[in-house]
Amino acid sequence: MKEIIQYVDMRWVEWLFVIASALFGFGYRKLSKRINNESKKNKALHDGMQALLRDRIIGAYNHYQDKKFCPIYAKENVKRMYDAYHDLGGNDVATGLKDKLMLMPEEPAERED
């Protein structure tokens, strides 16, 4: 029994280091896995939001192109959507559509009966 106490007394720092290292390693793996999962979720949210904004810009363009005019409130809304879309890294067909929308008249043309 005395030998066991002497062994523990001489080696307790080493055992403490082994236990602490194992706990830190376990915590690191768990944290790394959690960060990786959150990164995947953030990427999916980013891509999804970008796709939704692009779809809404295209939809607005098609809608107002059929009407042959785009009211000021719609232009402001499309501009805000485009700014968010652009900040998310989008910059393709939606850019041209937004520019064309901004050039449309804000009121319908007068009808001649």
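Reader: Before we go on, what kind of model is it, and what gets counted?

Author: This is a predicted model, where local features need pLDDT of at least 70 and side-chain atom pairs count only at pLDDT 80 or more, while totals for chains, interfaces and linings use all residues. Residues are numbered from 1 along each chain as its sequence is written, and side-chain values use heavy atoms, with hydrogens and water left out.

Reader: Ok, back to Gln50. Which helix is it in, and what is it in contact with?

Author: Gln50 belongs to helix 1 (helices are DSSP runs of H or I with at least four residues, strands are runs of E with at least two, and both are numbered from the N terminus). Setting aside neighbours within four places in sequence, Gln50 is in contact with Tyr85, Leu88, Gly89 and Gly90 (contact means heavy atoms within 4.5 Å).

Reader: Which non-glycine has a positive phi?

Author: Lys68 does, at about 70°. Lys68 is in the loop between helix 1 and helix 2, and it counts as exposed because its relative accessibility is 59%.

Reader: Let's do helix 2 then. How many residues does it have, and what does it reach end to end?

Author: Helix 2 runs over residues 72-87, so 16 residues, and reaches 22 Å from first C-alpha to last, close to the 22 Å expected at 1.5 Å a residue (the expected span is 1.5 Å times one less than the number of residues).

Reader: Which of its residues are buried?

Author: In helix 2, the buried ones are Ala74, Lys75, Val78, Met81, Tyr82 and Tyr85. They cover an arc of only 130° around the axis, so they are on the same side of helix 2 (the arc is that of the directions from the helix axis to the C-beta atoms). Tyr73, Arg80 and Asp87 are exposed on the other side.

Reader: What do the buried residues of helix 2 pack against?

Author: Helix 1 (2-67) and helix 3 (93-103).

Reader: On to helix 3. Which residues are buried there?

Author: Ala94, Thr95, Leu97, Lys98 and Leu101 are buried in helix 3. Down the helix axis they fall within an arc of 165°, so they line one face of the helix. These buried residues pack against helix 1 and helix 2.

Reader: At what angle do helix 1 and helix 3 cross, and is the crossing left-handed or right-handed?

Author: Their axes come within 10 Å and cross at roughly 35° (axes are lines fitted to C-alpha atoms, for helices over the stretch in contact, and angles run from 0 to 180 degrees between N-to-C directions). Helix 1 passes helix 3 in a left-handed crossing.

Reader: And which residues meet there?

Author: From helix 1 you have Arg54, Ile57, Ile58, Ala60, Tyr61 and Tyr64, and they meet Val93, Ala94, Leu97, Lys100 and Leu101 of helix 3. The residues of that contact divide into nine nonpolar, no polar and two charged.

Reader: What about Gly96, how far is it from Gln50?

Author: Gly96 and Gln50 are 16 Å apart, C-alpha to C-alpha, and 46 residues apart in sequence. Gly96 lies in helix 3 and is partly exposed, with a relative accessible area of 31%.

Reader: Last one: how far apart are Ile4 and Ile72 in space?

Author: 86 Å between C-alpha atoms, at 68 residues apart in sequence. Ile4 is placed in helix 1 and counts as exposed because its relative accessibility is 53%.

Conventions:
Buried < 20%, exposed > 50% of the residue type's maximum accessible area, 1.4 Å probe, protein only. Left-handed = near helix turned anticlockwise from the far one by under 90°. Nonpolar A, V, L, I, M, F, W, Y, C, P; charged D, E, K, R; others polar.
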